[in-house]
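Please prepare a briefing on how the chains of this model meet one another, with the cut-offs behind each term stated alongside the values.

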Amino acid sequence: MSKKNWPLWEVFVRSKNGLEHRHFGSLHAADAEMALENARDVYTRRNEGVSIWVVESKHITASNPSDNGELFEPAQDKVYRHPTFYELPNEVKHM
Amino acid sequence: MKEKEVKNLEEIFEARIARDEKIEPKDWMPEKYRQTHIRQISQHAHSEIVGMLPEGNWITRAPSLRRKAALLAKVQDEAGHGLYLYSACETLGISRDELYEQLHSGKAKYSSIFNYPTVTWADMGAIGWLVDGAAIINQVPLCNTSFGPYARAMVRVCKEESFHQRQGYEIMLTLCNGTEEQKEMAQDALNRWWWPSLMMLGPTDAESVHTEQSMKWKLKRKTNDELRQQFIDQTVPQADILGLSIPDPDLKWNEETGHYDFGEIDWDEFWQVVKGHGPCNKERLQARVDAWENGEWVRDAAVAYAEKQEKKTIKEAV
Amino acid sequence: MKNENLYRYILGIADSSLILGQRLGELCGHGPSLETDIALTNISLDLIGQTRSYYQYAAKLIGDGKSEDDIAFLRIEREYLNVLLVEQPNTHFGYVMARQFLFDVYHLMLLSELKNSSDETLAAIAAKGIKEVSYHKRFSGDWIKRLGDGTQESHDKMQDAINDLWRYTDELFTMTEADAEMSRNNSGVDVTRFKEAYYEEVSRLLREATLEVPERKYFQYGGKKGVHTEHMGYLLADLQYMQRAYPNMKW
């Protein structure tokens, strides 16, 4: 068994210019260059991308679902952030 | 955590799944859910990469360049699907190397169909048509399974897999429209792959230990027997189009049920192969172990090189 | 055939792609990681795709209802004109990468010239191939560095592979009669012109990978004239099996 395993990388692909990079999946690679090449070979075989980002998974900091209450629920009642909160007469058609 | 608290969490968890909410890797989940998913997803991943071997046999011998390219692309997809599935499994806190270890030691299972030999070119047709056909029936419902990473992997797999079955059926069709010798080759392949394909959909409901729990977690939407019936009903007319006969004297259309009746499956054979005594179990496992062991020096070298490069970069920065 | 030289010229290029693609196809499912399996299959698919374009063109020249598959599968060993380098076996992953890199550097130089061919079909096939082969070279070159400058074991294995395969490199730059004739009328490439550039580029990367550049002393030739190493017969036995066992059938 190998002493050291290839680390895990997360792959983000831009499908076409104008769109954002989207998380496509992950893979293993020994270094960044290999991660990029592997991502090209694994995730864009069917013409899925025009740009790739790879980042080693350990560099991603994720929020903890048990904090979801304090992190995300406070935003739920701030309805004034949405346009539908404001009432306008029908004559003002597009605003 | 107190027992009562866990029970409470479990109830909330089951309610989420019942509401069709997805579970993501960092969410709390019962240990049994985690273990069941590791087992099923890894088993699925192992099946993909062991499944590369019987078809890989014929890449060098494909009869035309067009067929060679299609087969290569198909076997490559299987590697890709294995990769997606291992990745999904890794989000549950187990590494790909640990999963390989389970496969190589014989602890983990993979689909027993891949323990049958591919002896003629027609087997490439039969595998695509029947084995991929059965796999699709199994896999499509999994695109909606409760565990997010598994569901997303399956969406990708199903999308890519759509050419696999067509590829196989086209091979069969070409053979059946060919010479007498070719047609015989196709019939022979159907004769050998038909029963193992039916077995591939799993033991009968009475014998299946995981069905009820799996249904609740949406790891399964239909029982093995329902899937098998669906497979038979859709495959028999396809065999008719080919002009091939299904090797089952008891097979006949049942007007009342609206399904085909079929003969007894040899479950002794199934369990024998599952337990490691099929025609190619040893060879398949050995091929995987060899690939892994022969690749060790390569993987180690790549890590050593990456470490050297990193040191160099740090030195240059200082 | 009135275009005998063109026909033989196409085969000279296409056969190397076919045989290398075939060799890589043997590896599918047996590589050191899933990711490398997928990558090598991509390279194999590129090469087989190129082969098909060349053979379809060659089949048109023969006429007579001949197809790409007749050319690919139904010649005897002496009629295959690939270079010896590409038929060498998949001894181990380092060997595979060394073979690939030594070929890729040449292949890219060849296609970069061929895209200016006065023969429009060849120019078009080359232009498409350049993008594919650029990636092949990047991939194999990176692996030469990783294995050359990785562990002691990988360094030794890589050095052995380079030393072994080196003897097949000079053949890349020999000119057959068809090559010479095609180059004279500007539809083919004079490969001797980039021989020094080839050795320079390969040597630079080998040094970067902490590998020694072997002496340019003893070389083997023959593939371009259809005289192959002993490995070739077995490769063809696999490749041709179906077409030989079941002649004149559609697949």
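Which residue of chain C forms a salt bridge with A:Glu37, and how far apart are the closest N and O atoms? The partner is C:Arg138, and the closest N and O atoms are 3.3 Å apart, where a salt bridge is a side-chain nitrogen of Lys or Arg within 4 Å of a carboxyl oxygen of Asp or Glu.

This is a predicted model, in which local features need pLDDT of at least 70 and side-chain atom pairs count only at pLDDT 80 or more, whereas totals for chains, interfaces and linings use all residues. Residues are numbered from 1 along each chain as its sequence is written, chains are lettered from A and ligands numbered from 1 in the order in which they are written, and side-chain values use heavy atoms, with hydrogens and water left out.

**Chain C against chain B**

- The contact, defined by heavy atoms within 4.5 Å, takes 47 residues from chain C and 49 residues from chain B.
- The area buried between chain C and chain B is about 4000 Å², with 69% of it given by carbon and sulfur atoms; buried area here is the accessible area (1.4 Å probe) that two parts lose on being put together, summed over both.
- C:Pro32, C:Leu34 and C:Trp251 supply 18% of the area that chain C buries against chain B, which is more than any other three residues.
- Between chain C and chain B there are 2 salt bridges, and C:Asp149 forms a salt bridge with B:Lys308 in which the closest N and O atoms are 3.0 Å apart.
- Across this interface of chain C and chain B, 13 residue pairs are in polar contact, both residues being at pLDDT 80 or more; a polar contact is a pair of N or O atoms within 3.5 Å, where within protein one must be able to donate a hydrogen and the other to accept it, and residues adjacent in sequence count only if both atoms are side-chain atoms.
- Elements that give two or more residues to the side of chain C that touches chain B include α1 (4–26), α2 (34–62) and α6 (120–148) of chain C, the helices (H or I, at least four residues) and strands (E, at least two) being DSSP runs numbered from the N terminus.
- On the side of chain C that touches chain B, α2(C) gives the most, with 12 residues.
- The residues of that side of chain C divide into 19 nonpolar, 15 polar and 13 charged, with Ala, Val, Leu, Ile, Met, Phe, Trp, Tyr, Cys and Pro counted as nonpolar, Asp, Glu, Lys and Arg as charged, and the others, Gly among them, as polar.

**Chain C against chain A**

- Here the contact takes 11 residues from chain C and 13 residues from chain A.
- About 1200 Å² is buried between chain C and chain A, and carbon and sulfur atoms give 51% of that area.
- In chain C, the residues that lose the most area to chain A are C:Glu35, C:Tyr135 and C:Arg146, together 45% of what that side buries.
- The interface of chain C and chain A has 3 salt bridges and 7 residue pairs in polar contact, both residues at pLDDT 80 or more.
- α2 and α6 of chain C each supply at least two residues of the side of chain C that touches chain A, and the largest share, 6 residues, comes from α6(C).
- The residues of the side of chain C that touches chain A divide into 5 nonpolar, 2 polar and 4 charged.

**Salt bridges in their surroundings**

- Over all chains, a search of the whole structure finds 40 salt bridges.
- The pair of C:Arg138 and A:Glu37 crosses between chains, from helix α6 of chain C to helix α1 (residues 32–43) of chain A.
- C:Arg138 counts as partly exposed at 38% relative accessibility, whereas A:Glu37 is buried, with a relative accessible area of 1%; buried means under 20% relative accessible area, exposed over 50%, and partly exposed in between (1.4 Å probe, protein chains only).
- A:Arg45 and B:Glu160 meet through their side chains in a salt bridge (3.1 Å, N to O).
- A:Arg45 lies in the loop between α1 and β3 (51–56) of chain A and B:Glu160 in helix α6 (residues 148–176) of chain B, so the pair joins two chains.
- Both A:Arg45 and B:Glu160 are buried, and a network of salt bridges links A:Arg45, A:Arg46, B:Asp77 and B:Glu160.

**Cysteines**

- The structure holds 0 disulfides over all chains, a disulfide being a pair of cysteine sulfur atoms within 2.5 Å.
- B:Cys143 is in no disulfide, and the nearest cysteine sulfur, that of B:Cys158, is 3.6 Å away.
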